[in-house]
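Here is a short briefing to read with the model open beside you.

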Amino acid sequence: MALLEVKNLGITFGGLKAVDNFNLTLEKGALYGLIGPNGAGKTTVFNLLTGVYKPTSGTFMLDGKEMKGKKPAEINKAGIARTFQNIRLFKNLSVLDNVKVGLHNQMKYSTVAGIFRLPGFFKTEKKMTEKALELLKVFGLDEHADTLASNLPYGKQRKLEIARAIATNPKLLLLDEPAAGMNPNETNELMETIRFVRDHFDLTVLVIEHDMSLVSGICEEITVLNFGTELAKGKTDEVLKNPEVVKAYLGQ
Amino acid sequence: MANKSNNSPLVKKKTMRPVTKQNLITYVMVIAVFTLFQTLSATGNLKYAHKALLVPVCTSIIMAVSLNLVVGVLGELSLGHAGFMCVGAYAGSFFSVLTEDVITVSWLRFILAFVIAAVCASVAGILIGIPVLRLKGDYLAIVTLAFGEIIKTIVNALYIGKDADGFHVTLDSTKLNIAADGQIILKGPQGITGTPKDSNFVVGFILIMITLFIVTNLMDSRTGRAIMSIRDNRIAAESVGIDITKYKLMVFTISAALAGCAGVLYSHNISTLTATTSNFGYNMSILVLVYVVLGGLGNIRGSIISATILYALPELLRGFSEYRMLIYAIILIVMMIVNNGTYFVKIKEKIFYNFSSKIKKDKKEVI
Amino acid sequence: MKFLSQLISGISLGSIYSLIALGYTMVYGIAKMLNFAHGDVIMIGAFVIYTLCVTAGLPTIICVLIAIVFCTLLGVTIERFAYKPLRQATSLAVLITAIGVSYLLQNVALLIFGSDTKSFTSVVTIDPISFAGGELVISGETIVTIIVSVIIMIALVIFVNKSKPGKAMLAVSEDKGAAQLMGINVNGTIALTFAIGSALAAIAGALLCSTYPALSPYTGAMPGIKAFVAAVLGGIGSIPGAMIGGIVLGVIENLSKGYISSQLSDAIVFAVLIVVLLVRPTGIMGKKINEKV
């Protein structure tokens, strides 16, 4: 059974079909790309898959379970985590605490235990810190653990967002333009990291990206969106050669 | 790399975390100030007028700290905090007057009054929490303001009496139908009279310490992180599985319960409890908001300091008698402009930059 | 007949709320701030009229005109010195400053006029009209209030939608940055908005104190809050919303005073606001805003 099964997903904003008839099947462990010109509806697809928007048509299933109509928090608990195009960190929290918020539903103790400092508080907090630092280390952020998230340089903020998403222990990770604003070196490093986390954390990854070196470097297959509909789909190198795709990107 | 990792919290387990240290400073500060004033008061070195300020200052501090939980930690603007205080004050006084002859152990009755007030206020907190889930920003602010005014208006119109048949509750004083041997506890605009004067500075101090304990520990826990993540970025918080509804309601409930306790402290310090614009109206809510904003959003120690100074300030300015509120208003405006005005922020940044540019250069390597 | 009489005085009270709410809503629309001091400008306006009429004995119409000019200057001055430095600050900082200005105005009035309530002489000299053989009497104040409010509202709608400065106001409230790039004087437009709002407040002050002739430094506070509620009820930022919100509020307040309980009328007004916002979270005429993800 496929991990993610999207069928005829669509959404309309005041008469405009932002995404129409979107289909996608992701097998477990896949590294899949979603590309297309600006305004093609890529981020809207992410917003639909994470429950930020309610689809006007179609369904999608994770591990055979219907996800349509669920709230963002429920969808995350079911196993979909994401990053954002315009970075959304918890700016006034430390780097470590950002990841610990991600661990919120993984390691629990009650509010009462927290207020009255019951044994569960110390035990779980210690485990949370260890786990969070372990994750930060993967992204080379462990030395900034006590820094405020807003004080991190841009590239590291993007990495922290990925670390936070992985902390929620997802099955499917959605990355929205992870390489935006990065230089080629950083992009290369990021590609390594994405591959590593996919293998290490047993993830399936769906990535939106404009940087074609990243797309052709890591994505096995891609879908091209244009004006909210699917333009092409298949093996990355073949799709990128498709004249329709070239035309959509470069114009007439 | 190996050297740098020494900085990570995992290794420096033995040293105190910055949060714990900050909280400790706050506790020590409160204890020190309490000890000072308690000694002054006990040795008769405090003027009667100043002694009378001690309990109200404690009330203001609890109000400010509990409102900071909503405004500073959760990031929602509330203009109805005095409403919760009002619920607590009336519930506590009602209970104390009702049971004064039944429960003769005054400290036990007082504790029960706090518990009952906290419960009643938190029910009010849940009630206001429901619209909070649908509304944002200024719309939420006006709803909380409206809610506070509703509470104030209702207690001013309510008559409750008790006789052999049980309780009589009415909005119309002529329809109370109370037996001759009965007792009217809540008399509409005349409020509740005869509340036992159980509050004192020590109780106020203990209540501040309890409030501090609850709020600071809550902030430094799994729940607190979830709440602050909602404040910093609601959409991101949802995306990592934080249940916004649950935590917003929780914050409003806890904050309301604490404000309710502040109400009990207030109402057991005065002989006649009435609800006016200045004690339970939006004016009071706004005053507390001013404490919170000037003390710093999310900064608990700041709230304590600013509540103390700003509450005492108009009283200490009594020498200027009629000019005191005018001076207060001007100080408030000037402070806001100096703290937040574009021009002043730029100047501060410039000074700070010159001062810290050296340190920044050293740090660049790490980045 | 009682109902009709309550309804008409409700509309009259509501028109005053509308005039005040217009000041709130226009300032909110353009500067995205809750101007808490707006209610106190009403009180200042009423005191100016009171002083001029009682001490100087000037003709009423001159007093009202001077009050309008005075409040306009006051509004612009407040904007210039208290709010303009905070253009880039958080809305909470501006809100607290506005509260400070409100305290300031109240206490200046307290120092000059004292805390005792003055009895305001009505600026209206029209005799009441009675209908149905004296069963329904409409006071001169009610008639003037409704007529003046309708004229002002029509004039305001025409001004905002047809005139150049009015369109500039719409543009600035839509997008400050873009308006500036289009060559609109943003600071001037904001000052103009405060000027208009404050002038309306002066008129509202004259009408309010003519109908309810008790004047003290705190006179403006509660009508200010209610008008603020009216603005939110109608959808803050929307000019027609403020008009509708004000009148709805005034009618509900008067009817509940007449038929339910005069003590609880405030609670009912506020409860209506909560219910409306639960159904329509951005008010009757408010636009729905979606956060971009």
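Which residue takes a positive phi just after H1(B)? That residue is Gly44(B), with a phi of about 75 degrees. This is a predicted model, in which local features need pLDDT of at least 70, side-chain atom pairs count only at pLDDT 80 or more, and totals for chains, interfaces and linings use all residues. Residues are numbered from 1 along each chain as its sequence is written, while chains are lettered from A and ligands numbered from 1 in the order in which they are written.

**Contact of chains B and C**

- Chain C puts 38 residues into the contact and chain B puts in 36; two residues are in contact if their C-beta atoms, placed from the backbone, lie within 7 Å.
- On the side of chain C that touches chain B, H4, H9 (221-234) and H11 (265-279) each supply at least two residues; helices here are DSSP runs of H or I with at least four residues, strands are E runs with at least two, and both are numbered from the N terminus.
- The largest share of that side, twelve residues, comes from H4(C).
- By class, that side has 29 nonpolar, seven polar and two charged residues (Ala, Val, Leu, Ile, Met, Phe, Trp, Tyr, Cys and Pro are nonpolar, Asp, Glu, Lys and Arg charged, and the others, Gly among them, polar).

**Helix pair across the contact**

- H12 (residues 282-295) of chain B packs against H4 (residues 91-113) of chain C at an angle of about 130 degrees, with the axes 11 Å apart; axes are lines fitted to C-alpha atoms, for helices over the stretch in contact, and angles run from 0 to 180 degrees between N-to-C directions.
- That makes H12(B) oblique to H4(C) (under 35 degrees is roughly parallel, over 145 roughly antiparallel, 65 to 115 roughly perpendicular, and the rest oblique).
- From H12(B), Ile286(B), Val290(B) and Val293(B) meet Leu92(C), Ile96(C) and Ile99(C) of H4(C).
- This helix contact has six nonpolar, no polar and no charged residues.

**Helix H1 of chain B**

- H1(B) (residues 18-42) has 25 residues, which at 1.5 Å a residue should span 36 Å, and its end C-alpha atoms are 36 Å apart, in agreement; the expected span is 1.5 Å times one less than the number of residues.

**Sheet in chain B**

- Three strands of chain B form an open antiparallel sheet in the order E2-E1-E3; two strands pair if DSSP finds at least two bridges between them.
- E2 (166-170) and E3 (183-187) of chain B stand at the edges with a single partner strand each, so one side of each lacks a neighbour in the sheet.
- E1 (residues 159-163) of chain B pairs with E2(B) over five bridges, and Gly161(B) has His168(B) in E2(B) as its bridge partner.
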